Amino acid sequence: MKQKMIFMPEKNAPLVHLELALLHGSLRDPVGKEGTASMTLSMLLRGTKKRSAQEFHRALDNLGAEIYLGKYKESMRVQGVVLADKLLEFLDLWEELLTEPAFPEEEFTKVREQLRSAFMDELGSDDSIADRRFQEYMLWGNLYGRMTSGSLQTLDNVGVEDLREFHREYFRTEDFVIGASGGFDKKMLEKRFRQILGKLTPGSLGRLEAKAPVMKKGKTLLLLDKPGRSQAQIMVGSPGVSFENKDYFAMLIANHVFGGSSFSARLMKEVREKRGWSYGAYSWYRSGRKPLYFAMQSVPSNKDAIPALELMAKLFSDYGRKGITKPEFEFAKKSLVSQSAFLQDTVRKRLDNKVTEAVMGLPAGFYDHYRKKLQGLTYAKVQGAIKRNVDASRMFAVMLVSVDEIQPGLKILKGFSKVWRRKFDEAPGDIYQVNPYSLAARRGARKEVSARTRSK
Amino acid sequence: MKKNWQHTKYKFIGELELDRFDFENGLRLFAVENKIAPVFSYQTWFNVGSRDEEAGKSGLAHLFEHMMFKGTHKNQQGIFDRTMESSGARDLNAFTGTDYTAYVASLPVEALETVAALESDRMVGLALTKEQFEAEREVVHNERKQVMENNPEGKMYEELMKLAFTKHPYGRPIIGFEADLDSMSTDDCNAFYRAFYSPSNAIICVVGALKPEKVAAMVSKYYGKIVPQKKPSWVAPVEPVQKEERVSVLSLPVKVEKAYFGYKVPDARDHDQIALSVLSYVMSSGRSSRLYRALVDTGICIDQGASLNSSKDPSLFFFSFTCQTGKRAEDALGVLDREIRLVCENGISQEELDRVKNKLSTEIHLGLVTNQSLSRFIGQHEIVLGDVRLGVEEIAKIQAVTTDEVKAVAAKYLKKTQRTAVIGKPE
């Protein structure tokens, strides 16, 4: 068997952490049945051929153990922690959940109803719904734009047989990465995992190579109307970089200057420190095996929403055009090089790094060489990387806001050539297939958006 | 160097030892040598929180916490952040609670002197301007909008505390009422700074790959000359005994119903706290817990939780529920009443208790592995319990809790007359 096993035993450690990563994620969801991979994973904890869901959790809780499920586009992960002296019983439970899930109809109905309610609950959370809509609309039409959790619209298309099929098809012996840290015997654990994985469908399906998202040219604003809000959630996206991009490390430095998690970053200084417009203002890259997107975010009051959006767009354009200054480069490089000590400061993190390298197909030692890669960068290299990777002519902004509250600002909004307006709880779609929010509407003459005609 | 401290050593958690240094100016330093990586956590905890605010000044402790990142007489605005960040500081942050305010950072070991110099400087050398204050107040207004006004759960929590505490400052939001924030000035900040920010009202927690004696020498170098100050003598008003259930129903922009319940419980030093914390696990931790089975498995809720507030003064034992679509919070309340009655009448099984003890053992090991979490454990227990050693003792005491003690605390505290309920319904 070819699955990768990474073990980091620690003598006398009181706990054992286990991690099992499947190299297939929600990218494998059948079209129209988004949420299949995620629900399959959830159902692993909903009963096995030997125990009902209640019996399984009673056994798990009796051990004082925890199992967490990680659901992603490119992988699915099962993580667990248990007291070292209860590891053997814990492994028996892992064997059951992985190789003998029962997928009982009754539990499936519960999972689906809970998910339906969770989607409804999400509509009450401005930041969650803004983030979901941002990803759905910005990556519309690409496999990466389909949400791992699925949606209210796709939930009813998934049946329990789809989950059984997903388990049979994708839970392949050789498509796993296994990791463990803590107080265990390496030989025993390796043997036990080989036994467990040997019971699954043999072989490997290989990774799914999905196309990278491509953003349209132009600056677009999508208003998600939610009445009664006193604040706006603003997210602005632009093309991203992948882990494999040769400029990845240079763009880490560049982004640290622009909007990384630093109070010295430009976004934080301009939006929060100078103007007090938002509690936070950040930017980040969402990277995977493919470049997903760059995003920046702030949460200003209604009165500052349009000026904040314009400022964020202008700062991004300036950054794309001029790059960063040499002192900014030196500060960011020094900060990130020093901070890299925290990438490896616990055994658990070292394990996570190794598992991530294997799951994402990164070169071995990607995290071990992190510091060196940053140290090797020069100002000229970072400026070159910014030129190649920051494209301010492509921006997609989502603003969740009470649209009526920002009408005066909308009338004079600069920089965004097209504006769309949708209800925040409306099912997402391809906005480019409908007309933008008309200027007349932006001036308050009418509030409807025509959804019937195609744009050019 | 002349030693201007008293040094005591205690057994801490696992194999770790805790070194305590008491300086002449009242400052306490707690250092734990943890050699796992060449980094350390540096936290400064002040014995002041929203509990110490007068009526009409709600939010001052938190707003002032923001101001601590502005300039000092020695370092103008921005230098603190830039120097810390370029020294490799991670998780550079601060937080304000009801009982404490803490300033935290994680750094590579080479940065010990840098952080000691900067933190000691801002402990007494802050130089606030009106412009900085006004810009930061705007930031706090935005933070308030984000976590309270535009967040249904934030609104419900604010309402719950306001309803449960009529006199005690726990009834006021940590972030403050909007009107109180508007009426504050730079003078309020300066007065607050002078009253509560001094070595005698602070503790420093350093956990990481550093020798405790070396840390003490560095702290002595930078803090040793700070003049001691009289400890503030604030006494929070006593909350009158609650005699009947209090209920509030809020109309919120949500699509599913939600409920928060709070039962009055004693302060963190009370003997019953340990059994109460076991009770919270019996009720809601894990999918075999009583409320998960009774509320989530049965399709009434998608989420349930129970937790215990351990504070300087009596506070609340919380339950929180998020209902499934079409289900009513009142249904969840009916189930909660039934489950509480069952514990009060029949107690819990030995199997349940053993399960919770195993879970707590795992969580304690899990929660106390990083330098930051160990520092936080020290800071929080030293301030709330008055002695971090009591926090260490609590870990052992959990294993001694009996089924009878859990039954007894359920009957003593989970009474309807002691309950405050806030229900959130879709508009």
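Domain bounds here come from an automatic or database domain assignment. On that basis, chain B is divided into domain 1 (5-223) and domain 2 (246-426). The model is predicted.

**Domains of chain B**

- The centres of domain 1 and domain 2 of chain B, taken over C-alpha atoms, are separated by 28 Å.
- Across the boundary, 35 residues of domain 1 of chain B are in contact with 32 residues of domain 2 of chain B.
- On the domain 1 side, two or more residues each come from strand 3 (28-33), strand 4 (39-46), strand 6, helix 5 (152-164) and strand 7 (202-208) of chain B.
- Helix 5 of chain B gives the largest share of that side, with nine residues.
- By class, the domain 1 side that touches domain 2 of chain B has 21 nonpolar, eight polar and six charged residues.

**Contact between the chains**

- Chain B puts 46 residues in contact with 49 residues of chain A.
- Four elements of chain B each supply at least two residues of the side that touches chain A: helix 2 (79-86), strand 6 (101-108), helix 4 (130-149) and helix 12 (350-367).
- Helix 4 of chain B gives the most to this side, with nine residues.
- The side of chain B that touches chain A divides into 14 nonpolar, 19 polar and 13 charged residues.

**Nonpolar cores**

- In soluble globular proteins, nonpolar side chains tend to be buried together.
- The largest nonpolar core has 145 residues. Within this core, A:Ile253, A:Met312, A:Ala397 and A:Met399 touch the most other members.
- Helix 11 (residues 302-322) of chain A gives the most to this core, with ten residues.
- Beyond its neighbours within four places in sequence, A:Met312 is in contact with A:Ile234, A:Val236, A:Leu267, A:Met296 and A:Ser298.
- A second, separate core has 55 residues, including B:Met156, B:Val296, B:Leu316 and B:Val406.

**A helix pair in chain A**

- Helix 1 (residues 36-43) and helix 7 (residues 160-170) of chain A pack with their axes 9 Å apart, at an angle of about 85 degrees.
- Helix 1 of chain A is therefore roughly perpendicular to helix 7 of chain A.
- Helix 1 of chain A makes the contact through A:Thr36, A:Ala37, A:Met39, A:Thr40 and A:Met43. Helix 7 of chain A contributes A:Asp162, A:Leu163, A:Phe166 and A:His167.
- By class, this contact has five nonpolar, three polar and one charged residues.

Conventions: Residues numbered from 1 in each chain as written. Chains lettered and ligands numbered in written order. Predicted model: local features only at pLDDT ≥ 70, side-chain atom pairs only at ≥ 80, totals over all residues. Core = buried A, V, L, I, M, F, W, Y, C linked by C-beta atoms within 7 Å. Buried ≥ 20, exposed ≤ 12 C-beta atoms within 10 Å, placed from the backbone. Contact = placed C-beta atoms within 7 Å. Nonpolar A, V, L, I, M, F, W, Y, C, P; charged D, E, K, R; others polar. Axes fitted to C-alpha atoms, helices over the stretch in contact; angles between N-to-C directions. Parallel < 35°, antiparallel > 145°, perpendicular 65-115°, else oblique.
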